[in-house]
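Subject: The model we talked about

Hi,

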Amino acid sequence: MSSFNSSTVVDLRSDTVTLPTESMYARMRVASLGDDGLDGDPTARELEQYTAKLLDKPAGLYAPSATMANLLAILAQVDRQEVVLAGAGSHIYTAERGAATFTGAFYQPIPDPEGALDLQALTSALASTKGNLQARLVCIETSHNNEGGAVASLDHMRKVFEVSRASGVRVHLDGARLFNAALALGESTASICKQADTVSVCLSKGLSAPMGAVLVGPESVIHRARWLRKLVGGAQRQVGICAAAGLEALTSQVARLAEDHATAQLLADGLSAIPKLQVKRPQTNIVQVNVAATGMTAKQWEAHLRERSVLVRPWGPHLMRCVTHRHIDKASVEQAIAEFRSVVEATAPAPTI
């Protein structure tokens, strides 16, 4: 692997590479601390209460990651040998359903093109999972990671919630990038969260906190989730140090996400002008690039770009994912576009004579 000057690297692999802000470090230094595994950490409690109020839910729980928050939501609401209905392309189904070893639940996929559950398929699944296999939870995701940051409409989410409720089934929203989705829809986060019983939100992506997620929902569910968090090793000690960064993220970084959406649009526009690249128009901060027409795989492209100090992630045999975030500015986008073009030019077949 070629070495490169880290000061000039354009890292588009994920918004998880964001580093804490100076204001986060300042808030961490003065955070009130306690043992969250015993009688509680005051700053973690403040974060839980603040997030629950922001998302208009009765209670909240701080977890080390959004993956654990999703796991706790399922463990707290689904019994063994019951069914979790999840989007076929969702993170819960494609990357987290190994949690079935803990939950004992069955995970059934529902088509979710463009990040929106197929309502007819959902209705059929809810009607057919009776008797020995009872559906207990429907899981949705917004923005939708594998669909390039796609955001289902609020009306669609409302229909999913109503169909599920009519069958006596709860809804969990994996809102790892919830604030990006709200920005794209021009809706409040609370109005989106109204379409689900429980919601998980990640603090360590575009919001730039170093770690953590918050699960919000009914007090009874969160109470059980808190007990379950300890069982799976998620109870931490003076976790207020990181919770303080999460509080700062929610109060100072949400509005700034609009900048990430704008740079994603700039990146998509620039890449679309390069021959043989097929670029999906982003709704949020994720740009998907199909390189099949170039005759190279996504892994080959990733290697060529890495040599040129641009980092991306292969997302399929010929699909790459680029994610904009706080450390990606207009100059970074221009550098990335130039290097994409350089790869196309350097790998183009020589003209025949």
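Let's start with a definition: two strands pair if DSSP finds at least two bridges between them. Keep in mind, too, that this is a predicted model.

With that in hand, look at strand S8 (residues 213-217). Strand S7 (residues 198-202) pairs with S8 in the antiparallel sense, over 4 bridges.

Is S8 buried or exposed? S8 is mostly covered, with 5 of its 5 residues buried. In a regular strand the side chains alternate between the two faces of the sheet. On one side of S8 you'll find Ala-213, Leu-215 and Gly-217, and on the other Val-214 and Val-216, all of them buried.

Next, there's an open sheet of 4 strands, in the order S9-S10-S13-S12, with antiparallel pairing. Strands S9 (278-279) and S12 (313-314) stand at the edges with a single partner strand each, so one side of each has no neighbour in the sheet. S9 pairs with strand S10 (residues 286-290) over 2 bridges, in the antiparallel sense. In that pair, Val-279 stands opposite Val-289 in S10. Helix H12 (residues 257-272) packs on this sheet, touching S9, S10 and strand S13 (319-323). The direction of H12 makes about 15 degrees with that of S10.

Now for the helix pairs. Helix H3 (residues 66-77) packs with helix H10 (residues 219-231) at an angle of about 115 degrees, and their axes are 9 Å apart. H3 passes H10 in a right-handed crossing. Met-68, Leu-72, Leu-75, Ala-76 and Gln-77 in H3 meet Val-221, Arg-224, Ala-225, Leu-228 and Arg-229 in H10. By type, the residues of this contact are 7 nonpolar, 1 polar and 2 charged.

The other pair is helix H13 (residues 298-307) with helix H14 (residues 330-347), whose axes come within 10 Å and cross at roughly 115 degrees. H13 and H14 are therefore roughly perpendicular to each other. H13 brings Trp-301, His-304 and Leu-305 to the contact, while H14 brings Glu-339, Phe-340, Val-343, Val-344 and Thr-347. The residues of the contact of H13 with H14 divide into 5 nonpolar, 2 polar and 1 charged.

Cheers

How values were computed. Residues numbered from 1 in each chain as written. Predicted model: local features only at pLDDT ≥ 70, side-chain atom pairs only at ≥ 80, totals over all residues. Heavy atoms only, no water. Axes fitted to C-alpha atoms, helices over the stretch in contact; angles between N-to-C directions. Left-handed = near helix turned anticlockwise from the far one by under 90°. Contact = heavy atoms within 4.5 Å. Nonpolar A, V, L, I, M, F, W, Y, C, P; charged D, E, K, R; others polar. Parallel < 35°, antiparallel > 145°, perpendicular 65-115°, else oblique. Buried < 20%, exposed > 50% of the residue type's maximum accessible area, 1.4 Å probe, protein only.
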